[in-house]
Amino acid sequence: MDKLLIRGGHQLRGEVRISGAKNAALPELCAALLTAEPVVLTNVPRLQDVATMLTLIRNMGVTIERDGEGSVRIDSARLSSPEAPYELVKTMRAAVLALGPLLARFGEATVSLPGGCAIGSRPVDQHIKGMQAMGAEIVVEHGYMIAKLPKGWTRLKGASITTDMVTVTGTENFLMAASLAEGETVLQNAAQEPEISDLAEMLIAMGANIKGHGTSRIVIQGVEKLSGCTHEVVADRIEAGTFLCAVAAAGGDVVLRHGRADHLAAVIDKLRAAGATVTAVEGGIRVQSQGRLTAQSFRTTEYPGFPTDMQAQFMALNAIASGSSKVEETIFENRFMHVNEMTRLGANIQVDGRLAVIDGVEKLSGATVMATDLRASASLVIAGLVAEGETLVDRIYHLDRGYDQMEAKLRAIGADIERIR
C-alpha cells in the first residue's frame, strides 16, 4: 500500500497546472451513454475514480480510447448491458450517475447501491423519487436499484422535481435523464455547482435544450435524440483550493494555471481574511503567503457557500494559524475523521457533534498518520508540509481517487515529498 513521506518546513514557489475536475468528468463520462455517436472528452484527470468509471462503462459494452494527453473517446453505440455491478460501484458513489442515462436511452437500468468515502449518509432516495416522477418503475432488491419504463412507454415523461435537499449527483442524474424525456422537466432546489453547469454545457453541445443551469431552477425541454460532441472538462476547483491552502499554510508564491477564481469565491474570501494574497491572473490564480496566518471560522454549505470538500484542508491551515476558530460542518455528519490524525501531529482541535473548535499552535510535529477519506488525506498532506520533521501519510489510495499526481506537483514547487510504494 503506497504512502507519502513528507519532510516539512519548505516554502512553495513556482507554477502548478490544475487538472480537470473529477466531479465534472464522472457525470460527463456517464452523459456519453446518452448517445450512440462518439463523444470526446478532453482535460480528463488521471484518477482512480475516473479509471473505475471507465471500467464500469467499458463492462457495459462501451468502446473506450484514451491517449496520454487527457483525451478520452467514448463510443456507446454497442452498449449491451445496462448494469452497474456492485464489484465496481462499491468503491465509488458516483456510479449512481449511470442510472439516469441508462434509463433514458435504453428504458432500463440495474445499478448497485453505491459505496465510496465513509463520510456520512448520502442517500439515493432523492434519485429514485426523481426518476419515479418521470414515470420510471423502480424497486430496490438485493442491494440493487432496478429501474424500467412502464409497459408501452418508449421514453421518460417530463415532470416537476423538487428535491428534499440540494443534491449534486441527483441534479446531474435528472439533467441527463430529462434531456431525452418527453416534454418539459423543471428542477427546483437544484444544485448550482460549476460542475453541474459544465455538464449542462456538454449536454447542450450534444443537442439538449437546457435553461437556468447555475441557478436553483433548471428547465429542460426533452429531445428525441442526442448527438456526439467534443467537450473540455472544467478545471478542478477543489484541487485548486487545496493548493491555495497548501501555499497559504506553508508560505510562498505560486500560480495555479487553469485555476478559476470565480469558482472559489468563498474559499478565497477566507484566505484573504487570514492574511494570504490571492489574485486572479490571466489563465489562473496567484497565491502569496508569508507563512503563519490568522485563524478563520466558517460554516460549510451548498455552492456558492464554503464547500464541504474544502473543510478539512482549511482546518489544516487553521491548526497552525494564530488564534482560535470554529468550523461547522452542515453537509455530512461524519466529516471530522481527520481530526484524530491531526492531533497526532500536535494540532489542538476539539469536536462536538458537527462543530470543531481549533486553537492554533505555533508548530506541528511530524508523525505517522492515516488517511480516512479523500479530502482528509489532502488535509494531512498540508499539515505535513508545515510540520517539523517527517510525516508519513498512510492509505493514500484515498488521495489518488481525487488528486492527479499530487506529490509530483508539490515536489515541482519545492515540497520535500515522495511516494513510498
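How many aromatic pairs does the count come to? The structure is a predicted model, in which local features need pLDDT of at least 70 and side-chain atom pairs count only at pLDDT 80 or more, while totals for chains, interfaces and linings use all residues. Residues are numbered from 1 along each chain as its sequence is written, and side-chain values use heavy atoms, with hydrogens and water left out.

The count comes to three aromatic pairs, taking rings of Phe, Tyr and Trp (its six-membered ring) as paired if their centres lie within 6.5 Å, with planes under 30 degrees apart called stacked, over 60 edge-to-face and the rest tilted. One of them joins Phe298 to Phe306, a stacked pair at 4.1 Å centre to centre with 25° between the planes. Phe298 counts as buried at 6% relative accessibility, and Phe306 does too, at 5%; buried here means under 20% relative accessible area, exposed over 50% and partly exposed in between (1.4 Å probe, protein chains only).

Phe298 also pairs with Phe314, this time edge-to-face, at 5.4 Å centre to centre and 75° between the planes. Since Phe298 sits in strand E18 (residues 298-299) and Phe314 in helix H10 (residues 311-319), the pair ties together parts that are 16 residues apart in sequence. Helices (H or I, at least four residues) and strands (E, at least two) are DSSP runs, numbered from the N terminus. Phe314 is buried, like Phe298, and Phe298, Phe306 and Phe314 make up one aromatic cluster.

Turning to the sheet, four strands build an open one in the order E10-E11-E13-E12, with mixed pairing; two strands pair if DSSP finds at least two bridges between them. At the edges stand E10 (160-162) and E12 (209-211), each with a single partner strand, so one side of each is left without a neighbour in the sheet. Neighbouring strands are turned by 15° against each other on average, direction ignored. E11 (residues 184-188) and E13 (residues 217-221) run antiparallel to each other over five bridges, and Glu184 has Gln221 in E13 as its bridge partner.

Helix H6 (residues 168-179) packs on this sheet and touches E10, E11, E12 and E13, contact being heavy atoms within 4.5 Å. The direction of H6 makes about 25° with that of E13; axes are lines fitted to C-alpha atoms, for helices over the stretch in contact, and angles run from 0 to 180 degrees between N-to-C directions.
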